[in-house]
Amino acid sequence: MTEIPEHLLKRAQAAREKAAAEAGASSDGEASGDSRIPAHLLERSKAAKAGGSVAVAEKPSGAVVAAPAEGNVPMAAGPGGHTQRLLTVVKSGSIQDVKSEPVDKVHTWPHLLAVEFVAALACTAFLFVFSWVVNAPLLQAANFNQTPNPSKAPWYFLGLQELLTMFHPMIAGVTLPTVGLVALMFAPYLDKTASNHPEDRKFMTSMFTIFLMFWAVLVIIGSFFRGPGFNFTFPWRDGIFFEL
Amino acid sequence: MASTIEEKPRLTLKERAAKLGETLQGSQAWNSIFRPGSIFRKGYTDSPRNRSYVIMNSVLYHLHPVKVKRHAVKVSYTLCLGGLSFFLFILLTVTGIFLMFFYRPTAANAWQDIQSLQTSVTFGLMVRNMHRWGAHLMVLSVFLHMARVFYHGAYKAPREFNWVVGVILLTLTLLLSFTGYLLPWDQLALWAVAVGTNMMGYSPVIGSQVRFVLLGGVEIGAETLLRWYVLHVLLFPFVTVIFLAIHFWRVRKDGGISGPL
């Protein structure tokens, strides 16, 4: 059997004594009434119980509390005999800071999930039908000795290829796309207007539209208006030199 | 006579199915699969509480809150572009896995494999078409998703970083599409990629090294095919999934179609 160290025993003894002392004190308190209620209130309630002759001195502004002191009728007394007072009525708006307005919301299931399911289904159906009708291209096997004319990059890079006709490859192929991507990434940090209304963000909207149109026009020119030798052609005159 | 002897009444098929269902739903296996509160444990009757439980007690809670703003779920408002991009990514993964069964990334076999996939594999042509058009569609939908987010100013605080993740995902989408472009190993693939990779060589300082690593040589060749195959089916999808996870997590934390949370 392990021996309990002496200091622990002492501490336990001290704790027990303290608890006993407190219990004695609280039972004393019980005898004279609940110690949490201030003495002057207790006196007042005793007086009310005794005869009601001492009416409550500070009457709360009448309308709220019914039954004003009327002869010997005691003031509204609670279960413990304590006098209840209504101090004031404060409208919630004046002291509470209501931060969020209630928002009109619906359950994700079924409202959003149903939409998503239908969208996925429609997308699959579209892809299925399109794949049924249009075959993916498969040209002759790769041949290093035979360069097709024109040779074009995939459509989303045709804007870059178009730039190649105007600038040095390092500008067109590396610098411009890098600058474009970095600018795109920094857009939210540069756009300082807090508002989301289109009329408040005309600058950003027009910048982005210019950015999109720039690439869209280059891609369209690269796709449909470039023929053999990557020279300018009209698709309605020379045909389309474009494979997806 | 046998018919007059009343033994235990024989259970109808429906009753037996119900009994089996009860046993199954009480089993440890069932309860280990579906968490407490799952509608598959306690059954579903339409009530606001159960509608919440459908989301709250399933994996969907990773993607969606229990409630969303009423105006946000209208198709004319959401356009579903982000969701469709993700759905196309899944569709491309599924069709891509199918294609992998029939494809060898070597210069000698690649083109022939695609050819026989189209001619002698059931649904081979169909699945290849879906993979190809799905890829183009995904580039388009990611692009439109980005445009829509920009025009709505949805990238503003606290969602700036998620926009950055989105731009990375756009880049990854283009890289995935571009690496896949080479794999059929036909004239279109070879020369489109030759044009594209020539540009890479002009990057300052590291251009020629990067180009050498990506091509597996100074010129595009058989090594390139293997490298781009691995990039296309493993590396880029892996990286994309990680960024998708971050993207979706930030949508849940910072707000998505419902505006800032």
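Helices here are DSSP runs of H or I with at least four residues, and strands are runs of E with at least two, both numbered from the N terminus. The model is a predicted one, in which local features need pLDDT of at least 70 and side-chain atom pairs count only at pLDDT 80 or more, while totals for chains, interfaces and linings use all residues. Residues are numbered from 1 along each chain as its sequence is written, and chains are lettered from A in the order in which they are written.

We may begin with helix H1 of chain B, residues 13–26, whose 14 residues should span 20 Å at 1.5 Å a residue, the expected span being 1.5 Å times one less than the number of residues. Its end C-alpha atoms are 20 Å apart, which agrees. None of the residues of H1(B) is buried (20 or more other C-beta atoms within 10 Å of its own, with C-beta atoms placed from the backbone), so this helix lies largely in the open.

In chain A, the 23 residues of helix H7, residues 202–224, should span 33 Å, and the end C-alpha atoms, 32 Å apart, agree with this. Here A:Met204, A:Gly222 and A:Ser223 are buried, and the buried residues of H7(A) pack against helix H5 (158–164) of chain A.

Between the chains, 66 residues of chain B are in contact with 57 residues of chain A, contact meaning that two C-beta atoms, placed from the backbone, lie within 7 Å. H8(B) gives the most to the side of chain B that touches chain A, with 14 residues.

Definitions and conventions:
A residue is buried if 20 or more other C-beta atoms lie within 10 Å of its own, exposed if 12 or fewer, and partly exposed in between; C-beta atoms are placed from the backbone.
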